[in-house]
Amino acid sequence: CGMNDMVSKPIEVPELSRAILAWMPREKIVQDVAPSRPSAPGVANPDPDFDLIKLLDDFGMYAGDVMRELDGDLQAYIARLGQAGTTLGDMVRHLNELVRLEDWPRFSRVIGELKELLHGVGARDCSARAKKMEIASAEGNAGYVHEDFKSLMGNMYMLEQKLAVIVPVA
């Protein structure tokens, strides 16, 4: 078919790197040594011992995984967290309205967007729950959506509160 490899969405930097390196001529590859702990220029940590990634991991997020996917770009991760903090509340309100209206096609689209946002910031367990809800709503399985929706939205509220505290400190 003319295809030698593929990288599925969501694109993750290590997987993309693997695919590129697998097919690139060896003489064209230049190894770059990355620092052991990523630093973010322009981000002032109040305490030199402050470790945002560890803190987020302790909160049950997969921050270390996100950092690997971002190839250690802490600034990009902080930007993602900030964006999530500003959009999460609106998404939750929108989803609540769509459940009230039982508008399952639109609910499926918006919960899919929430799934991607959660995956991108490291809230992988919630992202997996949102994915199940996305599939159920696309199939018209309102019972499943109603069964887990309030619990997931409670988790979104807690995540929003955590982000409101963490992001300004980072």
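User: Leaving aside its neighbours within four places in sequence, which residues is F107 in contact with?

Analyst: This is a predicted model, in which local features need pLDDT of at least 70 and side-chain atom pairs count only at pLDDT 80 or more, while totals for chains, interfaces and linings use all residues. Residues are numbered from 1 along each chain as its sequence is written, and side-chain values use heavy atoms, with hydrogens and water left out. Contact here means heavy atoms within 4.5 Å. With neighbours within four places in sequence set aside, the contacts of F107 are L95, L98, V99, M133, S137, V145 and F149.

User: How many helices and strands does the protein have, and in what order do the elements run?

Analyst: Helices (H or I, at least four residues) and strands (E, at least two) are taken as DSSP runs and numbered from the N terminus. The protein has seven helices and zero strands. From the N terminus on, the order of its elements is α-α-α-α-α-α-α.

User: What percentage of the residues of the protein count as buried?

Analyst: Buried means under 20% relative accessible area, exposed means over 50%, and partly exposed lies in between (1.4 Å probe, protein chains only). Among the 170 residues of the protein, the buried share is 35%.

User: How are α4 and α5 oriented to each other?

Analyst: Axes are lines fitted to C-alpha atoms, for helices over the stretch in contact, and angles run from 0 to 180 degrees between N-to-C directions. The axes of α4 and α5 come within 10 Å and cross at roughly 160°. Angles under 35 degrees count as roughly parallel, over 145 as roughly antiparallel, 65 to 115 as roughly perpendicular and the rest as oblique. The two helices α4 and α5 are therefore roughly antiparallel.

User: Which residues of α5 meet α4?

Analyst: On the α4 side, the residues are Y77, R80, L81, A84, T87, L88, M91, H94, L95, L98 and V99. Those they meet in α5 are W104, R106, F107, V110, I111, E113, L114, L117, G120 and V121.

User: Is the crossing in which α5 passes α6 left-handed or right-handed?

Analyst: The axes of α5 and α6 come within 8 Å and cross at roughly 160°, so these helices are roughly antiparallel to each other. A crossing is left-handed if the near helix is turned anticlockwise from the far one by less than a right angle, and right-handed if clockwise. For α5 passing α6, the crossing is left-handed.

User: How far apart in sequence are the parts that E134 and K115 tie together?

Analyst: A salt bridge is a side-chain nitrogen of Lys or Arg within 4 Å of a carboxyl oxygen of Asp or Glu. E134 forms one with K115, and their closest N and O atoms are 2.8 Å apart. E134 lies in helix α6 and K115 in helix α5, so the pair ties together parts whose separation in sequence is 19 residues.

User: Which residues do salt bridges that share partners join into one network?

Analyst: E134 and K115 are both buried. K115 also forms a salt bridge with E116, the closest N and O atoms being 3.6 Å apart, and E116 is partly exposed, with a relative accessible area of 41%. Through shared partners, the network consists of K115, E116 and E134.

User: How many salt bridges does the structure hold?

Analyst: One further pair is R106 with D103, whose closest N and O atoms are 3.2 Å apart; R106 is partly exposed, at a relative accessible area of 41%. The number of salt bridges in the structure is ten.

User: Leaving aside its neighbours within four places in sequence, which residues is D148 in contact with?

Analyst: D148 lies in helix α7. Its relative accessibility is 16%, so D148 counts as buried. Beyond neighbours within four places in sequence, the contacts of D148 are R129 and M133.

User: How far apart in space are L159 and L88, C-alpha to C-alpha?

Analyst: L159 is in helix α7, and at 8% relative accessibility L159 counts as buried. Leaving aside neighbours within four places in sequence, L159 is in contact with M61, L88, L118 and A123. L159 and L88 are 71 residues apart in sequence, and their C-alpha to C-alpha distance is 8.7 Å.
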